[in-house]
Amino acid sequence: MALQFTTSYIEDSLSLFRYYKKLAGGAMAQVTDEQLNFVLDKEMNSIAVIVKHMAGNMQSRFTDFLTTDGEKPTRDRDGEFRDPPAGRDALMTLWDDGWNCVFTALEPLTDADLTRTITIRGEPHSVMQAINRQVAHYAYHCGQIVFLAKHLQADKWECLSVPRGGSAGFNQRVLSGDASQR
């Protein structure tokens with residue numbers, strides 16, 4: 001599918017969020033249930049912990065997005081790094097609930113909302129700044145998920161983007177409108 005051209009910041013941001021959700025989802029689909037909880041070392045987070053943290057962040061940032069501070073008093077950020085849900089189904093429910101909160105908050109917005117002011121931890125942000133902050137944050141963690149899944153799957157890994165040696169063919173598919181990086 002070809003990239004949907006847009007000059008709307010909101011539409012493009014939603015497209016990026018959907019891309020990163022799909023990318024990390026594709027990585028998680030390739031690992032075993034046990035591998036969701038694997039850590040490389042004591043300073044690393046497992047895929048499951050990263051998902052729990054992201055979901056907690058999404059719920060906090062995007063619940064009542066325009067009207068309440070993005071760091072909700074009920075959020076236990078430190079707890080997000082302990083005791084992830086047991087089992088893939090519970091983890092994926094948490095993942096989907098977090099993303100649904102993002103999409104529910106952003107889909108009704110228009111580019112006219114971008115200059116509105118919201119707060120995160122009491123600091124004023126334009127809506128555009130808040131969205132940029134979260135695009136960067138979620139891309140960072142989705143990259144961690146992909147990296148860890150790829151490491152765990154090694155030679156069984158199925159590429160989620162352009163495979164090595166496949167750039168020319170991919171570029172042709174983009175030119176013909178059959179593919180897009182997103």
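The legends below describe close-up views of one predicted model.

In this predicted model, local features need a pLDDT of at least 70 and side-chain atom pairs count only at pLDDT 80 or more, while totals for chains, interfaces and linings use all residues. Residues are numbered from 1 along each chain as its sequence is written, and side-chain values use heavy atoms, with hydrogens and water left out.

**View 1. The hairpin of strands β1 and β2.** Helices (H or I, at least four residues) and strands (E, at least two) are DSSP runs, numbered from the N terminus. Strand β1 covers residues 117–120 and strand β2 covers residues 123–126; the two run antiparallel and are joined by four bridges, where two strands pair if DSSP finds at least two bridges between them. Ile120 has Glu123 of β2 as its bridge partner. Two residues lie between the strands of this hairpin, and Arg121 in the turn has a positive phi of about 55 degrees. In a regular strand the side chains alternate between the two faces of the sheet.

**View 2. The largest nonpolar core.** A nonpolar core is a set of buried Ala, Val, Leu, Ile, Met, Phe, Trp, Tyr and Cys residues joined through side-chain atoms within 4.5 Å. The largest one has 42 residues, and those with the most contacts inside it are Phe65, Trp99 and Ile145. At least two residues of this core come from each of α1 (9–30), α2 (47–62), α3 (88–106), β1 and α4 (127–153), and α4 gives the most, with 11 residues. Contact means heavy atoms within 4.5 Å; when residues up to four places away in sequence are not counted, Phe65 touches Ala105, Leu106, Leu109, Ile118, Val127, Ala130 and Ile131.

**View 3. Aromatic rings and their pairs.** The structure holds eight aromatic pairs, a pair being two rings of Phe, Tyr or Trp (its six-membered ring) with centres within 6.5 Å, where planes under 30 degrees apart count as stacked, over 60 as edge-to-face and the rest as tilted. The ring centres of Phe17 and Phe62 are 6.4 Å apart and their planes stand at 80 degrees, so this pair is edge-to-face. Because Phe17 lies in helix α1 and Phe62 in helix α2, the pair ties together parts that are 45 residues apart in sequence. Both Phe17 and Phe62 are buried. The rings of Tyr19 and Tyr20 are also edge-to-face, because their centres are 5.2 Å apart and their planes are at 65 degrees; Tyr19 counts as buried at 15% relative accessibility, whereas Tyr20 is partly exposed at 21%. One aromatic cluster is formed by Phe17, Phe62, Phe65, Trp95, Trp99, Phe103 and Tyr138.

**View 4. Arg18 with Phe103 and Glu107.** Arg18 lies over the face of Phe103, at 4.9 Å from the ring centre; a charge sits over a ring if NZ of Lys or CZ of Arg is within 6 Å of the ring centre and within 35 degrees of the ring normal. Arg18 also forms a salt bridge with Glu107, in which the closest N and O atoms are 2.6 Å apart, a salt bridge being a side-chain nitrogen of Lys or Arg within 4 Å of a carboxyl oxygen of Asp or Glu. Since Glu107 lies in the loop between α3 and β1 and Arg18 in helix α1, the pair ties together parts that are 89 residues apart in sequence. Glu107, at 44% relative accessibility, counts as partly exposed, and so does Arg18, at 39%.

**View 5. A salt-bridge network around Arg75.** A search of the whole structure finds eight salt bridges. Arg75 forms a salt bridge with Glu71, with the closest N and O atoms 2.9 Å apart, and another with Glu80, where the closest N and O atoms are 2.7 Å apart. Glu71 counts as buried at 19% relative accessibility, Arg75 at 13% and Glu80 at 4%. Salt bridges that share partners join Arg61, Glu71, Arg75, Glu80 and Arg121 into one network.

Notes: Buried means under 20% relative accessible area, exposed over 50%, partly exposed in between (1.4 Å probe, protein chains only).
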